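Have the model open and turn it as you read.

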Amino acid sequence: MGYIREYYEQIIKLQESEWSFIAKHFHRKVFPKNEIITLQGSTENFLSFIESGLVRSYIPDDEYGYTFGFGFEKEFICAYDSFLTRTPSEYEMQALTETVAWQISYDDLQKVYKETNVGNHLGRFASEKLFLSKSKRELSLLKFTAKQRYLQLFTEQPELLQRVPLKYIASYIGVTPQALSRIRRQIN
């Protein structure tokens, strides 16, 4: 859980009593490779902090689905719209590698918000980061070509290209695996 505290303390210094209260609401969960963490049609009940591993968010459809996000170590992940609205998720989250996560339930998070001032700061920070990431992705899809989006990954998220199968990279930038192969040949 030390990573969560480090993450939080980038934002605000925690008193030991605050950290103890927050920490007791998180529980460790290990997801085997390829396990579905959040199933489409189910309500998201957990905000998860990835200690190790890799998670993708996608809309199930064809062979690979439509990938629209990834979560790495030291990041929060969640089907956040479902989590906030308490409605069924429109998409799934899947562990692409064995993933160790620290989870806090919706109800426990509400307790942390209610019982601590620092909890509200931390919740706002996490939700702002999720919103900014979503906005950046939407703008990228609207402003740039697939080739530009692929090149952008080299500079902004090189770990993505090293750790994620190309079929999911293709889906993430909005092209077929064959189109991604053509883009990669043009670059090399």
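The largest share of the lining of the largest cavity, 6 residues, comes from α5. Helices here are DSSP runs of H or I with at least four residues, strands are runs of E with at least two, and both are numbered from the N terminus. A quick word on ground rules: this is a predicted model, where local features need pLDDT of at least 70, side-chain atom pairs count only at pLDDT 80 or more, and totals for chains, interfaces and linings use all residues. Residues are numbered from 1 along each chain as its sequence is written, and side-chain values use heavy atoms, with hydrogens and water left out.

Back to that cavity. On a 1 Å grid over the protein atoms alone, a cavity is a set of points where a 1.4 Å probe fits but cannot get out; a pocket is an open set with protein on both sides within 12 Å along at least five of seven lines; and lining residues have an atom within 4 Å of a point. The structure holds 1 cavity of 30 Å³ or more, with about 110 Å³ of space in it. Volume here means the space filled by probe spheres set on the grid points, which are joined across faces, edges and corners. Of its 15 lining residues, Tyr8, Leu47, Leu109, Leu122 and Gly123 lie nearest the centre. By class, the lining has 12 nonpolar, 3 polar and no charged residues (Ala, Val, Leu, Ile, Met, Phe, Trp, Tyr, Cys and Pro count as nonpolar, Asp, Glu, Lys and Arg as charged, and the others, Gly among them, as polar).

Now find the largest pocket, at about 1,200 Å³. It has 38 lining residues, and Phe68, Gly69, Leu130, Ser133 and Lys134 are the closest to its centre. Helix α5 turns up again, giving the most to this lining with 10 residues.

Next, the strands. Two strands pair if DSSP finds at least two bridges between them. β4 and β5 pair in the antiparallel sense over 5 bridges, and arginine 56 has phenylalanine 70 in β5 as its bridge partner. The two strands form a hairpin with 6 residues between them, and glycine 65 in the turn has a positive phi of about 80°. Elsewhere, 4 strands form an open antiparallel sheet in the order β1-β8-β3-β6. Its edge strands are β1 (27–31) and β6, each pairing on one side only. Within this sheet, β3 (residues 46–52) and β8 (residues 99–105) share 6 bridges.

How is the chain divided? There is domain 1 (1–136) and domain 2 (144–187), with bounds from an automatic or database domain assignment. Across the boundary, 15 residues of domain 1 are in contact with 10 of domain 2 (heavy atoms within 4.5 Å). The area buried between the domains is about 1,100 Å², with 66% from carbon and sulfur atoms; buried area is the accessible area (1.4 Å probe) that two parts lose on being put together, summed over both. Tyr64, Phe70 and Phe72 supply 48% of what domain 1 buries against domain 2, more than any other three residues.

Why does the second largest pocket lie between the domains? Because both domains give residues to its lining. This pocket has a volume of about 170 Å³, and its lining includes Tyr64 and Gly65.
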